[in-house]
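Please look through the following structure with the paragraphs below at hand; they move from a packing of helices to a loop residue and then to aromatic rings.

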Amino acid sequence: MERNFRFMRFPGGKFRAFTLSYDDAVGTDIRLMDIMRRNGIKGTFNISSGVSDDPMDNIDIEKNPTSRLTLNQIAEYYKDFEVATHGMTHSFFKDLPDTALIYEIVKDREVLEGIFGKRVLGHAYPNGSFKQTTLDALKACGIIYARTTAQTMNFDIPENWLTYGATCHHSADLDSLYDKFFDSPRLYKSPYLFTVWGHSYEFENNNNWNIIESFLEKIGGKDNVWYAGLQDIVEYTNAYRSLVYTIDSKIVYNPTAFDIWISKTVFADESVCIPSGASVKLS
């Protein structure tokens with residue numbers, strides 16, 4: 001009897017995805033962006049637009065590269081990158097009343113979407129702070145994922161994207177995780193997502209830019225890795241979870257706007273594309 005193993009694969013049938021998630025929109029992000037571009041790395045920058053719009057918090061980045069960027073600078077430097085909300089005033093979400101919490105999310109999203117003219121559907125919890133009602137508020141505000149400050153030290157795709165813990169902070173043993181990321185897992189397995197989070201000002205303060213420079217040079221440019229922002233990854237994953245199968249799993253229908261790749265067999269590294277709006281017979 002054929003066993004019904006079906007697992008998500010990333011675009012092109014890839015088993016691995018890699019992304020960065022960096023907070024606070026500070027001047028050192030510009031240097032990080034340059035490193036990312038050189039190595040073909042994608043990622044998400046999480047912005048508290050109310051803080052960035054406060055002149056009291058903005059200092060000339062030529063004099064202090066770790067100071068926050070202004071909204072005008074954000075519009076200039078981040079236009080080629082994915083952005084996400086980080087709370088309008090970077091407050092502790094766990095301690096906010098629901099009305100203030102919703103304002104923090106909606107207003108931040110409104111400002112960022114106005115600047116960039118595109119959907120902003122992701123979030124990173126400021127200070128890692130949230131409570132159970134925060135998740136309901138995020139859903140009501142159209143947020144599809146929220147990154148915590150936890151690190152899982154694995155590459156698992158979460159069941160609940162609103163409490164997503166990244167693989168690690170950039171201070172972790174990145175080389176060891178790199179080796180695990182490129183191991184040879186069983187073919188009948190969910191794909192790997194490697195997410196590194198942090199603040200770019202940490203590299204400046206600790207004088208250790210070499211950590212991220214060497215690691216991104218090492219992990220970038222791989223043909224078997226999908227480099228994408230978290231919003232793209234989450235939207236793709238949600239589309240995969242919307243596939244509709246016949247009762248015997250031999251035919252699958254894709255009702256979404258995305259072309260979705262899935263594993264086809266457990267005996268070989270073989271995948272198949274399910275085009276948007278199409279039904280495909282798998283066996």
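In helix 4, Asp98, Leu101, Ile102 and Ile105 meet Thr133, Thr134, Ala137 and Leu138 of helix 5, where contact means heavy atoms within 4.5 Å and helices (H or I, at least four residues) and strands (E, at least two) are DSSP runs numbered from the N terminus. By class, this contact of helix 4 with helix 5 has five nonpolar, two polar and one charged residues; Ala, Val, Leu, Ile, Met, Phe, Trp, Tyr, Cys and Pro count as nonpolar, Asp, Glu, Lys and Arg as charged, and the others, Gly among them, as polar. The model is a predicted one, in which local features need pLDDT of at least 70 and side-chain atom pairs count only at pLDDT 80 or more, while totals for chains, interfaces and linings use all residues. Residues are numbered from 1 along each chain as its sequence is written, and side-chain values use heavy atoms, with hydrogens and water left out.

Lys94 is found in the loop between strand 4 (82-85) and helix 4. With a relative accessible area of 49%, Lys94 is partly exposed, a class that lies between buried (under 20% relative accessible area) and exposed (over 50%), using a 1.4 Å probe and protein chains only. Leaving aside its neighbours within four places in sequence, Lys94 is in contact with Ser129, Phe130 and Lys131.

The aromatic rings come next. A pair of aromatic rings is described by the distance of the centres and the angle of the planes. Rings of Phe, Tyr and Trp (its six-membered ring) pair if their centres lie within 6.5 Å, and planes under 30 degrees apart count as stacked, over 60 as edge-to-face and the rest as tilted. By this rule the count comes to 20 aromatic pairs. The rings of Phe10 and Tyr236 have their centres 6.4 Å apart and their planes at 45°, so this pair is tilted. Because Phe10 lies in the loop between strand 1 (8-9) and strand 2 (16-23) and Tyr236 in helix 9 (residues 230-240), the pair ties together parts that are 226 residues apart in sequence. Phe10 counts as buried at 0% relative accessibility, and Tyr236 counts as buried at 3%.

Phe155 and Phe181 form a tilted aromatic pair, 5.3 Å centre to centre with 55° between the planes. Phe155 lies in the loop between strand 6 (145-151) and strand 7 (164-166) and Phe181 in helix 6 (residues 174-181), so the pair ties together parts 26 residues apart in sequence. One aromatic cluster is formed by Phe15, Phe18, Phe155, Tyr178, Phe181, Phe182, Tyr192, Phe194 and Phe215.
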